[in-house]
Structures are given as C-alpha cells and as structure tokens.
Amino acid sequence: MAVSASQGIKMREPGEFSRWAPLAIVGVCATLFLAGVYGYSLLFPSIEASRPTHFQRNVAEAMAAGNLDKALKIAHRATQVYQPSWLSGKYQDPLPFAVYGSLLLQAGREDEALEQLEKALSIRTVPFPPFGDTRKPYYFAPTRMTLGKYFLSRDQPVEATEDFELARAYNTPQDKPTGEDNAALFQAYAKLGLWGRALEYREPSDAELAGLTPQDINCIARICEGKQNWVLAERLAERLIGRADLAAEGHYLRGRVNLARGQYKEALADLARAAADSHACASFFLGTALEKNGQVKEAIQAFLAAPSADPYRPFALAKASLLIENLSDDENNEATSGHANLLGELDQSLADMQLLTRPVPFDTYFRFKPVAVTTQEGSASLGAHFPVLILWEDMKAPPSDPGSVSYVETGKGNSVLLMRRGNLLLQLQWVDNLVNWAVTDRLPAGSGPIPGWIDTARDWFKLRPNYAMEVQKEENGNARLAITRLTWFYSVPVPTKPEAGYLVLGRMAGMQGKGSLGWQALETHERVVAEQLLPDDIAPNEWTWQMGYAKSQLVWDTIRVQFNVMPHAGTISFDDVMLLEIEEPDPAD
C-alpha cells in the first residue's frame, strides 16, 4: 500500500543536503587524518621515536649501550623530521641538529658535524616574532658548548672562549654546564689567563698551581682576597711565601686569612712583614689587626703609613682620624698638631678622584649619585676580581660639619668599605669585569673581534663581508680595539639583578661625534627598554674616559655595553672597557 509523505515520511527540502555537506566532508577528513597519523606511528615507529620528547632519550640509551652507530641513526632521523617548514622555509628546532653534530664529532666526522652545528645556530625558534627578530637562537647554548670543546681539543683557546662566552650569555637553567663541561671551561679560560672566569668552574690542583707563572698566581691571589675564599688563599699563601719574588704577597695573604678568622695576634707578624716589604695594601690591614689587638698608637702609625697608591689609603686616614679623636687628653695633645693635616690629606684624596670629567646623567628619584670613580690601572685587563673606589653624593643629606669624619665602617668582611664625610660617601667594593675585555692584551696585533663581543653590522644585518675591527698594540704592550667601519658592536648580554647598580667605564679616542660608548638594557624578548649613549664631545684623537651609571629596573632582564661607529669616521679606538655590578650604599649609612 502506498504511503504518502503526510503519513510518516518527511521529505527534505531542496538545498538541505547542500547545507550539511561541508560538515560531513570535514568530519570524514578529520577521521581519515587521525587514522593516518595513528597508522603512520605504528608503521614507522622509528620516526615517531625521533620526536623531541623521545629522540634525546633514545640517543642517550644507545650511547649508554655503547652503540654510537645507532645513536647517529636516531639523531639523523630527528633532523629529517625537522627539515625546513614548507610554510616558513626555516628549520624549526635547533636541538636535533645540535645533538647530531655532537655525535658526528664523536665519530670523527668533523666536516659533517660542523655543518649540522651551523644549522643549529641558524635557527630562529620563533619563526614570526611579533616585535622583531631575536638573537638568542643564533647562540644556542648546547651548540656553543659543543663548538667550544671542539676548538679547545684543537688547541684554539681564543675560538673556544668565543663560543663559551656566548654560551654563558644565552644558556638556560637546563643548559647549565655539566661536570664534563666545567673541566673544558676551566681549561679554556685558564689558558688565556682569565682566572676570574676559570675559578667559577673549579679550583686549580696543587700540580697546576706549581706550574703557573707569578702573574697567574698573583691574579688568583687577588681573586681569593676579593671573594674571601680563605681556604684557597691559605693554600696559595704557603706557595707564595716559598718564592722570593712573591714572598710579600704570600705573607700579606696569610695575614688576611688570619685576620678574617679573628686570629689578630697571628695576623700581625705576616702583615708587618708584608708592609716592610712594601706591599701596597698591607699597612691598612696591619693597622686593623693592631687596633683589634688593642694597640691603638701602633695602629695609628700603620694607618698613616698607607702609601698614596693604596686604594685603602682614604680609609686608613679616616680610621687614624677617629682613633686620634678617641685618645686621652694627653695622648690627643701629642697628635692634635697633625690631626688637621690628616683631615686635609683625606679631603685631598677625595678631590683627586677625577676620573669623571662630566656629570653623569642622573635620575632625581635615586638617592645616591656617583660623582667619581677610580680603579687600579690595568684593572680591565686583569681578568680577575679587583677593588673600585666610588664617591657618592647623598642627594637627601645636607652637608655636615666638614671638620671631621662623621662615619666610617668596614663592611662585609673587608670586601666593602664605607666612609661618610659630609654629604659624600666613599665606597670601596671588589668587583668583576662582567664583559670579556681582559683577553685583548693576550691577542696578537691584527686579531679580529674580541671573544664575547658581537659585530652586528656583519653578523646580524649582513651589511659587510669583513670584520670592522682589529686589535692594535701600543709601544708599552697595551692593546686596544680599533674600529674602522660602520658598526654597532655589542658585548653579550649579562643578566641583571633587581635594584643592582651598573657602572659602564671605558676609554675612547677618535673623531668627535663619529663614535660613542654606551649601554642598553633588554627585556626577556631582547627588546631595548633603556639605553644611554655617553657624551661624545671628545677631543679628536685624544683618549677620554667615559662613564655611565644605571640602576636595574623590574622590567630589565639583561644589560650590555655597545659601541657605535658612524660611516667615514676614520679609526675609533676603545680600551679599558668595563661593566661592573655594584651595590649602592644603604640609606642608613
């Protein structure tokens, strides 16, 4: 019997199929795609195992089993998975190429290995950054560590140091050096005499200490003193005392060890011996030990004997002044005639701190303004810890009675000294040069750029096929960096600490207005958030000191030093460039 549409069967309206057809097609395609992916992983498990979540583990298991060939095959398949994207034309992840290159080096296939490592360094991990390119992928830390160890094995410590410096700047917590890496890092930096870097990774053995030059031993001794590593200092002191040319340094160091441990009587003999042998800093600490031992008059004499070249001399004069004020009436009468002269010497020592020839641009909401800075000659090229004197003006404290020293204090274990005189505060602090300038004096004339510095016009913008700078030697052996072409030249970024202060120092010579020294602060995506070009009104071809000061802000991630050289500038020279992290005085001081 025929049934009409009105009796139960609903007839579709024309066009209804066309409305649902696209959804049905999408559903079918999605099902086929998921089935294909699942089936692909079943049919080709080796490729699936090459994905980032798996291939490193598989490589590690193969190497643990001693099967280098299998590890190479797994790593090679991983690089095939990460061939250039059809959309962007760029590789998408540097890690497979870094792992494969490292394995190829172990297999002795150097040319192939270097090709893979170069690929790893060419990858931008963010193909389309919204605010501009990032430099971090170019300095992928695992690849840089691999290359550094490769160059070190070929006895090329300068090239190794260049890669290690870039790895230091761009590593992440998971990329921190391992025990094996630490040995290579120590060896590379030690070969160049960069002991401040080398000692971050391990201490030298007794056999290594025995083979060092006097200059190296002195350098390590200064690092021990500044970082208060009294255990290594004690080991080192015994070796120094046994060498006639370094005995004064050894006695001074052993005296400092005993002084730091509160053994004042034991410290006296060594510090007195060092002072008698004209050690530059011994008189101040001899005076400190005598004062602690209750020998006030002798302490005053030791403080007054501090030589003019001693960075501790202003503090020695201040301590002597305070001790004289606390003498009894009879004793004070004996010293009164010299007291005014002593304060005059102290004021003169502060007035002589004229490294800064121009006011530093200053934010008024900061309390302390640096007005003068003095470092020891050659500090930038020491590669070690060294003291710096900073004279601050307290912007919120009115000048007090200039007739006396109103405040003096020894800070953290003698590594920070503070002295107030009126509204001025003198600070001595031990610092490291955070940028690798020390290696310049160890490079031959005509060498290219310094390890740890980036010529962006060549390496970044590809504006020029050749380097624009070279190391030039002066008659006294001092080295400087001469830049001859348009460039933006940067030190690798250094991580900043919240509320820390940063001093940028350097000498510059060249045509007025054609070159400049400055600094830039970067946020996490390496966008510049603050910068300062130091005044460039320098006399043509005369060396001029430049200085900048910055206080870290919350948005800052890193800070770096920069040189700018304009077209047709002639030769612009830079020397003694430093980036120093310092602690501002506490307002309570």
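Is Asn 564 buried or exposed? I looked up its relative accessible area, which is 9%, so Asn 564 is buried (under 20% relative accessible area counts as buried, over 50% as exposed and anything in between as partly exposed, with a 1.4 Å probe and protein chains only).

**Basis of the entries**

I note that this is a predicted model, in which local features need pLDDT of at least 70 and side-chain atom pairs count only at pLDDT 80 or more, while totals for chains, interfaces and linings use all residues. Residues are numbered from 1 along each chain as its sequence is written, and side-chain values use heavy atoms, with hydrogens and water left out.

**Entry: Asn 564**

I located Asn 564 in strand E15, residues 558-565 (strands, E, are DSSP runs of at least two residues and helices, H or I, of at least four, numbered from the N terminus). I then looked up its side-chain partner: a polar contact of 2.9 Å joins the side chains of Asn 564 and Gln 562. A polar contact is a pair of N or O atoms within 3.5 Å; within protein, one must be able to donate a hydrogen and the other to accept it, and residues adjacent in sequence count only if both atoms are side-chain atoms. Leaving aside residues up to four places away in sequence, I found that Asn 564 touches Thr 487, Trp 488, Lys 514, Gly 515, Ser 516 and Leu 533 (contact means heavy atoms within 4.5 Å).

**Entry: the five-stranded sheet**

I traced an open sheet of five strands in the order E7-E8-E16-E11-E14, with antiparallel pairing (two strands pair if DSSP finds at least two bridges between them). Which strands stand at the edges? They are E7 (469-473) and E14 (544-551); each has a single partner strand, so one side of each is left without a neighbour in the sheet. The twist averages 35 degrees from one strand to the next (axes are lines fitted to C-alpha atoms, for helices over the stretch in contact, and angles run from 0 to 180 degrees between N-to-C directions).

I followed the pairing across the sheet. E7 and strand E8 (residues 479-483) run antiparallel and are joined by five bridges; in E8, Leu 481 is the bridge partner of Val 471. E8 is joined to E16 by three bridges, again antiparallel, and Ala 482 has Ser 573 in E16 as its bridge partner. Strand E11 (residues 501-509) pairs with E16 in the antiparallel sense over eight bridges, and Leu 503 stands opposite Leu 580 in E16.

**Entry: Ser 573 and strand E16**

I placed Ser 573 in strand E16, residues 572-582. Its relative accessible area is 5%, so Ser 573 is buried. Not counting residues up to four places away in sequence, Ser 573 touches Arg 480, Leu 481, Ala 482, Arg 507, Met 508, Ala 509 and Trp 543. E16 itself is mostly covered, with ten of its eleven residues buried.

**Entry: helix H14**

I checked the length of helix H14 (residues 247-260): at 1.5 Å a residue its 14 residues should span 20 Å, and its end C-alpha atoms are 20 Å apart, which agrees (the expected span is 1.5 Å times one less than the number of residues). How many of the 14 residues of H14 are buried? Twelve are, and the helix is mostly covered; among them are His 251, Tyr 252, Arg 256 and Asn 258. The cover over the buried residues of H14 includes helices H12 (214-227), H13 (230-241), H15 (264-276) and H16 (282-292). After H14 comes Gly 262, whose phi is positive, near 80 degrees.

**Entry: helix H9**

I made the corresponding check on helix H9 (residues 179-191), whose 13 residues reach 19 Å from first C-alpha to last, close to the 18 Å expected at 1.5 Å a residue. Its buried residues include Asp 181, Leu 185, Phe 186 and Tyr 189. What covers the buried residues of H9 includes helices H7 (141-153), H8 (157-170), H10 (195-198) and H11 (206-210). H9 is followed by Gly 193, with a positive phi near 75 degrees.

**Entry: cysteines**

I searched for disulfides and the structure holds zero (a disulfide is a pair of cysteine sulfur atoms within 2.5 Å). Cys 219 is in no disulfide, and the nearest cysteine sulfur, that of Cys 224, is 10.0 Å away. Cys 219 counts as buried at 11% relative accessibility, and Cys 281 is buried at 2%.
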